[in-house]
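Please keep the sequence and the model at hand while reading.

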Amino acid sequence: MQRFRREADRVKKETASIIISFGGALLFFFGAFGLLKLHWLAAVALAAGVYGALLLVTRPKRRIGFADVEALPGGEILEQKLQEAREDFSSIGHSMEAIEDPAMKLESERLHHTAGRILSYLEENPEKIMLARQFIDYYQDMASRLLDKYVKLQERGLDTEKTTELKEQTGKALLALNRAFEGQFEKLMQDEIMDMDADIRLLKQTMRMEGYEEEED
């Protein structure tokens, strides 16, 4: 549903851009042809140029964070993968709100929080989106589907030995998924972690060379 709303909003904005551009070009044509007395072919050619310019200016920009999608290598695919991640993130959030068991709710909240941090990171670093495919295509998708099934099972109100076992197994799966989410996030931030580690090592080396003693912990 959220995807359809975003698509409808995009179509609405693009339609408005076309209408504005066409209206501006039409006004220019009548001005050039009627007032300036240009030949109608020249007026049409100039109006077409005005239409293209206005369309370029008014067309809504598709962005990932501050980056223009069309300027990014493979921008279309990156946008698609990020959209898939947003949809699963939203699904996890909806399931989280519906869960009644306190322990399960807590684990789902942890998943939702970590997924939100990862999405924010990918928005700021779109070049890392393809590195997050395992997270997007498998781990987050699995969390979304598992929580959705759990909520549906909860809503049925069936209390049998098998459903109790399934709920317990789901709880264990959420614990494992939380570890996986954190691990995936750490992999994405590997460059930053290594840079920070290198800076700390350099600082310690420089302090030793300058004769400063490191404080004891």
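A residue is called buried here when its relative accessible area is under 20%, and exposed when that value is over 50%. The model is a predicted one, and the values below are computed from it.

**Helix 3**

By that cut-off Lys81 counts as buried, because its relative accessibility is 8%. Lys81 lies in helix 3, and, leaving aside residues up to four places away in sequence, Lys81 touches Ile129, Met130, Arg133, Ile136 and Asp137. Gly93 also has its place in helix 3, which covers residues 75–98, and Gly93 counts as buried because its relative accessibility is 11%. Although 54 residues separate Gly93 from Leu147 in sequence, their C-alpha atoms are 9.6 Å apart in space.

**Aromatic pairs**

How many aromatic pairs does a search of the whole structure find? The search finds 3, and two of them are described here. The ring planes of Tyr121 and Phe185 stand at 70°, which is over the 60 degrees required, so this pair counts as edge-to-face. This pair links distant parts of the chain, since Tyr121 belongs to helix 4 (residues 102–124) and Phe185 to helix 6 (residues 161–188), 64 residues apart. Tyr121 and Phe185 are both buried.

Phe135 and Phe181 form another edge-to-face pair. Phe135 lies in helix 5 (residues 133–156) and Phe181 in helix 6, so this pair ties together parts that are 46 residues apart in sequence. Phe135 and Phe181 are both buried as well.

| Pair | Centre to centre | Angle between planes |
|---|---|---|
| Tyr121 and Phe185 | 5.9 Å | 70° |
| Phe135 and Phe181 | 5.0 Å | 75° |

**Helix 6**

Helix 6, which contributes Phe185 to one pair and Phe181 to the other, has 28 residues and reaches 41 Å from its first C-alpha to its last, close to the 40 Å expected at 1.5 Å a residue. Which residues of helix 6 are buried? They are Thr163, Thr170, Gly171, Leu174, Leu177, Asn178, Ala180, Phe181, Gln184, Phe185 and Leu188. An α-helix has 3.6 residues a turn, so residues three or four places apart point the same way. The cover over the buried residues of helix 6 includes helix 4, helix 5 and helix 7 (190–209). Helix 4 carries Tyr121, the partner of Phe185, while helix 5 carries Phe135, the partner of Phe181.

Notes: Residues numbered from 1 in each chain as written. Predicted model: local features only at pLDDT ≥ 70, side-chain atom pairs only at ≥ 80, totals over all residues. Heavy atoms only, no water. Helix = DSSP H or I, 4+ residues; strand = E, 2+ residues; numbered from the N terminus. Buried < 20%, exposed > 50% of the residue type's maximum accessible area, 1.4 Å probe, protein only. Contact = heavy atoms within 4.5 Å. Phe/Tyr/Trp six-rings, centres within 6.5 Å; stacked < 30°, edge-to-face > 60°. Expected span 1.5 Å × (residues − 1).
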